[in-house]
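Me: I'm new to this one and would like a close look at a single part of it. Could you pick out one chain and walk me through how it is put together?

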Amino acid sequence: MADETPDDAADTPGDEPREALLAELSELLGDAVVETHLQPGQNLWLRVDPARWQDTARVLQRASFDYFGFLSAVDWSVAPEGRYEDTEFDGGLEPEDGSAEGSDDTEPTEPEAPSSYAGGDTRFQLLLHLHSHTRHEAVIIKADVPEDTGAVDTLRDIFPGADWHERETHEMFGISFNGHPQLTAIYLPTEFEGHPLRKDYPLLARTVKPWPGVVDIEEIPEHLEAELEAQVMAEFEASGGGE
Amino acid sequence: MTATSDREQMAYVASQAADARVNVELDTGDMTLNIGPQHPATHGTLRIACQLDGEQVILAEPMMGYMHRGYEKLCEVRTYPQCTTLINRIDWLGSFANEVPFILAAEQLMEVEAPPRAQWIRTILFELSRIANLSLFLGDMGVQIGALTPVFFAFRDRERVLNQIEEVTGGRFHPNFDRIGGLKDDIPKGWVEETHAVMTKMRTFCDEMEDLLVGNEIFQTRCRGVGVIPQDVALSYGLSGANLRASGVDWDLRRDANPGLAWDQVDWRVWTHPDGDSFARYWVRLQETREATHIVDKLLDGIPSGPIMAKVPRIIKIPAGEAYVSTENPLGEMGYYIVSTGDLGPFRVKIRTPSFNNISIVPWVMKGVYVPDVITILGSLYFILGDIDR
């Protein structure tokens, strides 16, 4: 899991440009950076102090990260009913070690809740993706949404494109953005209640009607699964790797 | 009234001018004009509420959600292979191109890589989707101006490309062909030759559009200098694809952030235009379509041999982690942010669609334009509603 790889992820070999970028941004942002994570050859994650959310965006924009990719959020809590509430099939394939979601887990911020790259302490975490079209680099900024207020400052004045993304995040997760003039629903009807992308919001269609995709496939007993898989792989290799 | 002499004509003009002077003092503000939800320029159901002052738009507010399907929530209760079925329906004109970034992100998390042959065929199908998607725009833009012929040409020739996609994938609109670790099938016999022929036809189609529209005086007057988006505004709104390149930003994810497909194996160029107006957006897309036919031609000649599937387990379980992969789709940057907790399906999928950002500039760009230009600007921004209301 990502929690074990905070700053020392930088010394994983093989991605000098991103390491240099990480060093540069850490210096630019100073103590606003809480934690970082680097996946060599993939992406760079920075977790910043939510109180410095606006500053971070401004600093990055000046550092030529002026292309607004997207803004969204993740609800790290575990769905009260488990992920697949409607079938035993899915229950059978839950991870055994309990590292991911446990179906009986009703507390949203239990330590077993899935953890993220660059860490995180709160239920909701914001995501912001910025590109630099001159340097051909990109960075993903994260920030924990404070539990007590459930709000961060708006980025609307720095990136006008964030306007709609914040509206969408507000209606889907219930996160507020201080200073946003009009956090009205963008997709949902005005009379809609609740925040659909929260994990505790049930997907009614799945609750009232069983999922056909699960019903009509044959179940594999757990003890046979590994065996079967090995068999399939052996056949695959015998046939010359699928040529 | 018909003027019979020069004098009468002059008197008529003078009286009209006098009337106009009177009208200036009348209050013309506060009229609301609803465009849509059903309008051919909206490619779906988008409503734009315009506040008008006479012929000028003071405020244009797009209203979406008529078609919101909640794919981000639905993906959370599906397995990875099931997700591609949904994803196909986001930008329904760029069918195959939708699947690619999702599959690439999943592959990145699983640390598998598709064999070279699969990557090449993926790239070819990706570019074919681009041609199918953009050729419709090239014709459709004519309709927004009032020229009906181009769109019939576009539908006629787009069919050829769709046939090629169908021959490989079995689907015209929703191929569902990309798999984690490779592709479902190899290409059929004789397909390479046929596709070469289709590409030649598509270049002819591009030439026709150039003759019919780009060179047309009415088209130019309606589009040049209309809906200008400067470079810094385009960047801060996160515009992507041809909309960004038409504002003079030389940026293409195929070249600048290639996630591993075969674009770096052939020579091609990124087209940009400095003007940032509706005309520039049309022109860039036209060049891009033509460039795509060349890319396909070159790729077809160099497809490597080998398997089309990497070794992946039968039941796909993706290790815990996060990945964001975006590609240059026909409409712009489409990306998927996948959060996996080591399960059969994603924990969270954020779908970054190009049209959502592209259309968020509408309130800015529509300010002060005239009513007829609303439609041409909307047409030239080119969005698919499924791509906004995902």
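Reply: Let's start with a word we'll need: a residue is buried if 20 or more other C-beta atoms lie within 10 Å of its own. Keep in mind that this is a predicted model.

Now, chain B. Its secondary structure comes to 16 helices and eight strands. One helix to look at is α12 of chain B, residues 278-301. Since 17 of the 24 residues of α12(B) are buried, this helix is largely enclosed by the rest of the structure. Its length works out too: at 1.5 Å a residue it should span 34 Å, and its end C-alpha atoms are 35 Å apart, which agrees.

Zooming out, 53% of the 390 residues of chain B count as buried. The C-alpha trace spans about 85 × 45 × 35 Å along its principal axes. A compact globule with 390 residues would have a radius of gyration near 21 Å, and the 23 Å of chain B agrees with that. Among contacts in chain B with a separation of 6 or more, 72% are between residues 24 or more positions apart.

What about the inside? The largest nonpolar core has 156 residues, and B:Ala105, B:Ala106 and B:Ile338 are among those with the most contacts inside it. Helix α5 of chain B (residues 116-145) gives the most to this core, with 15 residues.

Finally, the neighbour: 42 residues of chain B are in contact with 44 residues of chain A. Elements giving two or more residues to that side of chain B include α2 (71-75), β7 (332-340) and α13 (354-359). The residues there divide into 20 nonpolar, eleven polar and eleven charged.

How values were computed:
Residues are numbered from 1 along each chain as its sequence is written. Chains are lettered from A and ligands numbered from 1 in the order in which they are written. This is a predicted model: local features need pLDDT of at least 70, side-chain atom pairs count only at pLDDT 80 or more; totals for chains, interfaces and linings use all residues. Two residues are in contact if their C-beta atoms, placed from the backbone, lie within 7 Å. Helices (H or I, at least four residues) and strands (E, at least two) are DSSP runs, numbered from the N terminus. Ala, Val, Leu, Ile, Met, Phe, Trp, Tyr, Cys and Pro count as nonpolar, Asp, Glu, Lys and Arg as charged, and the others, Gly among them, as polar. A nonpolar core is a set of buried Ala, Val, Leu, Ile, Met, Phe, Trp, Tyr and Cys residues joined through C-beta atoms within 7 Å. A residue is buried if 20 or more other C-beta atoms lie within 10 Å of its own, exposed if 12 or fewer, and partly exposed in between; C-beta atoms are placed from the backbone. The expected span of a helix is 1.5 Å times one less than its number of residues. The radius of gyration is taken over C-alpha atoms; the globule rule is 2.2 Å times the number of residues to the power 0.38.
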